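Please look over the structure below before reading on.

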Amino acid sequence: MNNFIFQNPTRLIFGKGMIAELNKAIPADKKIMITFGGGSVKKNGVYQQIQKALQGREYIEFWGIEPNPAIETLRKAIALGKEHSIDFLLAVGGGSVLDGTKLISAGLKYDGDAWDLVKKGAYHDTVPMGSVLTLPATGSEMNSGAVISCHETQEKYPFYSNYPVFSILDPETTFTLPPHQVACGLADTFVHVMEQYLTTPGQSRLMDRWAEGILKTLIEIAPKIRENQHDYNLMADFMLSATMGLNGFIAMGVTQDWCTHMIGHELTALHGLTHGATLAIVFNGTLRTLRQQKKEKILQYGERVWGITGENEETRLDKTIEKTASFFQSLGLSTRLSEENIPDTTILEIERRFNERHAAFGEAENVNGAMARKILENCK
C-alpha cells in the first residue's frame with residue numbers, strides 16, 4: 001500500500017425528512033445564496049421543504065445551473081454573490097449544481113475571472129458551502145472535486161476547491177428522477193469505483209473488498225431500481241454507494257486511473273452527451289485496449305464480482321468484459337460510439353487535445369493521445 005493522507009470533513013446528514021435540519025446546519029449569522037438547476041425541485045417538493053426549513057432566514061436564490069455547469073452561467077452567480085456579500089452557499093440539486101457551486105465558492109473570493117481558476121486546476125480560498133443532494137452520481141456531496149465546462153471553447157476541465165461543510169441526502173428526493181438520469185448515475189458510480197479499483201494488483205486487500213462491495217451492490221440493486229424507483233431502501237443504497245464511491249474511502253493507498261473519465265469529458269464537451277452515458281461507452285473500450293495491462297485485476301474483478309471462474313484466462317477476460325458491457329446495456333445506455341452517431345473526426349480531435357495538453361492518464365500514465373485514440377477506436 002502506498003503512503004497517503006486522508007481527511008474528509010463533510011458532515012453527512014442522511015435520511016427521510018432530514019432537509020428540516022438545514023436551519024441548524026447553517027450558522028445563524030451567514031448571508032446565504034441558494035443555487036439551483038432547472039426547477040425540478042419545485043415539482044418534487046424539495047424547494048418547499050427548504051423554504052420551510054429556512055423560514056425566517058434571509059437568503060437569495062440563483063437558478064439555472066445546467067448539466068455540465070458552464071462558466072458562462074457561473075460568472076453570473078459569482079457576480080450576484082459578490083453584489084450581496086454572500087458568505088455561505090447552499091447547493092440544491094445533482095452533481096452539476098454542486099460542482100458549479102464549488103467554483104462559485106472560489107470565485108466569490110477571487111478578483112479575476114473564475115475560468116482562470118478552472119484552468120489552474122485548484123483554488124482553496126473559498127466561501128463555505130453545504131448541499132442538498134437530489135441526484136446520486138458524482139460523489140460531489142462529499143469530495144472537493146468539480147468539473148466545469150466552457151461553451152465558447154467546447155472545453156471541460158476538472159477543478160478542485162474545498163469540501164462541502166455538510167451534505168443532506170434524503171433518498172425520497174430521488175423518487176421522481178427521470179429513469180435515464182438514474183441510469184447515468186448508476187453508470188457514473190460504477191465507473192468511479194472502477195477507476196480506483198481496476199488498476200494495480202496487490203495493493204490493498206481492504207480497498208479491493210470495499211470497492212467490490214460497492215460494485216456488487218450496484219449490480220444487485222440496478223434492475224430492482226428500474227422496476228421500482230420508489231423503494232426507499234433501494235434508493236438509499238444507491239445514494240450511499242454514489243457517495244462512498246468517490247469520497248476518498250476506497251482510494252486510500254492505491255493507484256488510480258481516470259483515463260475513462262478524461263476521455264468521457266471530451267465527448268461531453270464536443271457533443272453534449274450526459275457524463276454517465278459517455279462512461280458507459282468509453283469504459284468498455286478501456287477494458288478492451290488495456291486488457292493485458294489490467295489483466296490481473298480484470299480476472300479478480302470477474303471472479304469476485306461476476307463469479308467468472310474455471311476457464312482459461314483469455315476466455316475469462318472476454319466474459320468479464322462482455323458482462324460489464326451487458327450491465328450498462330441493462331441500464332438502457334449505449335455502449336458504442338456508433339449508437340450515439342459520434343464520428344471519427346471526434347476521435348481525432350480528442351487525440352489532438354490529449355497531445356496538446358501532454359496528457360498521461362492511467363495508473364501507468366500511458367494513456368496519451370495515441371492511446372486515447374486506440375480506446376475510442378475500440379468503442380466504435
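**Helix contacts**

In this predicted model, Asp188, Val191, His192 and Glu195 of helix H7 meet Cys259, Thr260 and His261 of helix H10, where contact means heavy atoms within 4.5 Å. Residues are numbered from 1 along each chain as its sequence is written, and side-chain values use heavy atoms, with hydrogens and water left out. Because the model is predicted, local features need pLDDT of at least 70 and side-chain atom pairs count only at pLDDT 80 or more, while totals for chains, interfaces and linings use all residues.

- By class, the contact of H7 with H10 has two nonpolar, three polar and two charged residues; Ala, Val, Leu, Ile, Met, Phe, Trp, Tyr, Cys and Pro count as nonpolar, Asp, Glu, Lys and Arg as charged, and the others, Gly among them, as polar.
- Helix H7 (residues 179-197) and helix H10 (residues 259-271) have axes 9 Å apart and pack at an angle of about 135°, which makes H7 oblique to H10, since angles under 35 degrees count as roughly parallel, over 145 as roughly antiparallel, 65 to 115 as roughly perpendicular and the rest as oblique.

**Strand E8**

- Strand E8 (residues 166-169) is covered on both faces, with Phe166 and Ile168 buried on one side and Ser167 and Leu169 buried on the other; buried means under 20% relative accessible area, exposed over 50%, and partly exposed in between (1.4 Å probe, protein chains only).
- Strand E1 (residues 11-14) pairs with E8 in the parallel sense over four bridges, and Leu12 stands opposite Ser167; two strands pair if DSSP finds at least two bridges between them.
- Strand E5 (residues 129-135) also runs parallel to E8 and is joined to E8 by four bridges, with Leu133 as the bridge partner of Leu169.

- Asp208, which is found in helix H8 (residues 205-227), counts as buried because its relative accessibility is 9%.
- Leaving aside neighbours within four places in sequence, Asp208 is in contact with Tyr197, Lys297, Gln300 and Arg304.

**Aromatic pairs**

- A search of the whole structure finds 13 aromatic pairs, where rings of Phe, Tyr and Trp (its six-membered ring) pair if their centres lie within 6.5 Å, and planes under 30 degrees apart count as stacked, over 60 as edge-to-face and the rest as tilted.
- Phe36 and Trp63 form a stacked pair, 3.9 Å centre to centre with 10° between the planes.
- Phe36 is buried at 0% relative accessibility, whereas Trp63 is partly exposed at 27%.
- Phe190, Trp306, Phe327 and Phe328 are linked into a cluster by ring pairs.

Key
Helices (H or I, at least four residues) and strands (E, at least two) are DSSP runs, numbered from the N terminus. Axes are lines fitted to C-alpha atoms, for helices over the stretch in contact, and angles run from 0 to 180 degrees between N-to-C directions.
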